[in-house]
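Here are some notes for a first look at this structure. Please read them with the model open beside you.

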Amino acid sequence: MFYKGAMFPQWNGSAFASGLAAKALIRITFDGKGGAQAVERWDMGRRVRDVEVAPDGALWMIEDAKPGGLFRLTPLGMAVSVPAAQSATPVPAPSRSATPNDSSIEHVKSVIADNNCLVCHRIGREGGDIGPSLNGVGTRRTADQIRAAIVSPPAKTSAGTPNPMPSYDKKFTEEDLKNLIHYLSTRPLLP
Ligand code: HEC
């Protein structure tokens, strides 16, 4: 099974293999030249019959036993969190004074969409609740802190659990990153 999904963006393109006798789940990466390598292995303590990707990017794992089990695997700290249903309320138009121009805002929005930020964060009325809402983030964080949160997220969240946020270091051009930070800094705090 090849992984493609929003919950484990760092695994996109990896394949997963399950082991009955090995009782393990194995992640395999490819070098694009025909080479494959098992890069991670999780001991499940169960005979794993199959593993599949759920529509929301979680992994479904089937246990071969009597009774067996069906398991939903999600990043630590988000077990109960499924991205919030997209609300029908339009996102409030960004204030003109605080924003460079419409085309760069559209571009920032596509950067946010392409990088699954909304799976975990709320921006405007959209998004999930795995991470903190980014509405009003500029009122509690400086631009440098926002940059650090994106390029070098802490290993643990403030709650002490492993941080599910992947590092976006080198994922964006410097200009995209600046525009993204500016956009986030100017998101109003919503009631
Ligand atoms: C898989 C979930 C996930 C994804 C995807 C994700 N984040 Fe996060 N993010 C988190 C979590 C959880 C935290 C809180 C970490 C902590 O407690 O320190 C966080 C923290 C942040 C913070 C700091 C907020 C604050 O109040 O301190 C910013 C800014 C941020 N993320 C921006 C982004 C952006 C921009 C993207 C997309 C490019 C993104 N995140 C993608 C989970 C995610």
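1. Terms first. Helices (H or I, at least four residues) and strands (E, at least two) are DSSP runs, numbered from the N terminus. This is a predicted model: local features need pLDDT of at least 70, side-chain atom pairs count only at pLDDT 80 or more, and totals for chains, interfaces and linings use all residues. Residues are numbered from 1 along each chain as its sequence is written.

2. Asn116. This residue is found in the loop between helix H1 (102-114) and H2. Asn116 is not a glycine, yet its phi is positive, at about 65°. Most residues other than glycine have a negative phi. Is Asn116 exposed, partly exposed or buried? Asn116 counts as partly exposed, because it has 19 C-beta neighbours inside 10 Å. The cut-offs: a residue is buried if 20 or more other C-beta atoms lie within 10 Å of its own, exposed if 12 or fewer, and partly exposed in between, with C-beta atoms placed from the backbone.

3. Lys170. Here too, check the backbone. Lys170 has a positive phi of about 65° and is not a glycine. Its place is the loop between H4 and H5. Lys170 is exposed, because 8 other C-beta atoms lie within 10 Å.

4. A cis peptide bond. Which peptide bond is cis, with omega near -5°? The one from Lys66 to Pro67. Pro67 sits in the loop between strand E5 (59-63) and strand E6 (69-73). Most peptide bonds are trans.

5. A sheet. Three strands form an open sheet in the order E1-E2-E3, with antiparallel pairing (two strands pair if DSSP finds at least two bridges between them). Strand E1 (15-19) and strand E3 (36-43) are the edges, and each pairs on one side only. E1 pairs with strand E2 (residues 24-30) in the antiparallel sense over 5 bridges. Look for Ala15: its bridge partner in E2 is Ile28.
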